[in-house]
Amino acid sequence: MKLIIAIVQDKDANKLRSAFVANEIIATRFSTSGSFLRAGNTTYLVGVDDDKVEKVLELIKETCSSREQFMTPPVSLGGDTSEHAFPIEVQVGGATVMVLPIESFHQF
């Protein structure tokens, strides 16, 4: 058995939840936030048998696409920020996924 931890952008979270429900994958969802873009994220915890790991990873990859977005970097009060005063294009979205072994699983 494995524990899959998937951190996705809020924009993709509902689509991923729908994909999990359609494929009868039980997941725990909670809100998190990232530090660089200060954007909302959603973290899913999914406990699955070893033979279902690839299916879950496939659903995450299909649902959570990366994309380009413009953002204005935070202003620093301590130094020259003139070169960073304009919006820059950054890659957002996608998913950060970790797969961990589960030594024991109990449901009471």
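**Close-up views of a predicted protein model**

View 1. In β3, T32 has N41 as its bridge partner. Q9 also has N41 as its bridge partner in β3. The model is predicted: local features need pLDDT of at least 70, side-chain atom pairs count only at pLDDT 80 or more, and totals for chains, interfaces and linings use all residues. Residues are numbered from 1 along each chain as its sequence is written, and side-chain values use heavy atoms, with hydrogens and water left out. Helices (H or I, at least four residues) and strands (E, at least two) are DSSP runs, numbered from the N terminus. Two strands count as paired if DSSP finds at least two bridges between them.

**View 2. The whole chain is a series of helices and strands.** The protein has 2 helices and 6 strands. Starting at the N terminus, the order of elements is β-α-β-β-α-β-β-β. Of its 108 residues, 26% count as buried; buried means under 20% relative accessible area, exposed means over 50%, and partly exposed lies in between (1.4 Å probe, protein chains only). The accessible surface of the protein is about 7,600 Å², and 53% of this surface belongs to carbon and sulfur atoms. Accessible areas come from the Shrake-Rupley method with a 1.4 Å probe, and for residues only the protein chains shown count as cover. Contact means heavy atoms within 4.5 Å. Among contacts between residues at least 6 apart in sequence, 70% join residues at least 24 apart.

**View 3. An open sheet is built from 4 strands.** In what order do the strands of the open sheet stand? The order is β2-β3-β1-β6, and the pairing is antiparallel. The edge strands are β2 (28–33) and β6, each of which pairs on one side only. From one strand to the next, the twist averages 20 degrees. Angles run from 0 to 180 degrees between N-to-C directions, and axes are lines fitted to C-alpha atoms, for helices over the stretch in contact. Strands of a sheet pair through backbone hydrogen bonds, either parallel or antiparallel.

**View 4. Strand β1 has β3 and β6 as pairing partners.** Strand β1 (residues 2–9) pairs with strand β3 (residues 40–48) in the antiparallel sense, over 8 bridges. One of the residues in this pairing is V8, whose bridge partner in β3 is T42. With strand β6 (residues 95–101), β1 pairs in the antiparallel sense over 7 bridges. In β6, I7 has T96 as its bridge partner, and L3 has L100. Elsewhere in the sheet, β2 and β3 run antiparallel and are joined by 6 bridges. In a regular strand the side chains alternate between the two faces of the sheet.

**View 5. Helix α1 packs with helix α2.** Two packed helices are described by the angle between their axes and the distance between the axes. For helix α1 (residues 10–22) and helix α2 (residues 53–63), the angle is about 145 degrees and the axes are 9 Å apart. On the α1 side D12, K15, L16, A19 and F20 take part in the contact, and on the α2 side V56, L59, I60 and T63. The residues of this contact divide into 6 nonpolar, 1 polar and 2 charged. Here Ala, Val, Leu, Ile, Met, Phe, Trp, Tyr, Cys and Pro count as nonpolar, Asp, Glu, Lys and Arg as charged, and the others, Gly among them, as polar.

**View 6. Helix α1 lies across β1, β2 and β3.** The helix runs at about 25 degrees to β3. N14 is placed in helix α1. Is N14 buried or partly exposed? N14 counts as partly exposed because its relative accessibility is 41%. N14 and T42 are 28 residues apart in sequence, and their C-alpha atoms are 9.4 Å apart in space.

**View 7. Two loop residues are shown, G94 and E24.** G94 is in the loop between β5 (88–93) and β6. G94 counts as buried because its relative accessibility is 12%. Leaving aside residues up to four places away in sequence, G94 touches I7, V8, Q9, D12, C64, S65 and S66. The C-alpha atoms of G94 and S66 are separated by 4.2 Å, although the two residues are 28 apart along the chain. E24 lies in the loop between α1 and β2. With a relative accessible area of 72%, E24 is exposed. The phi of E24 is near 55 degrees, a positive value in a residue other than glycine.
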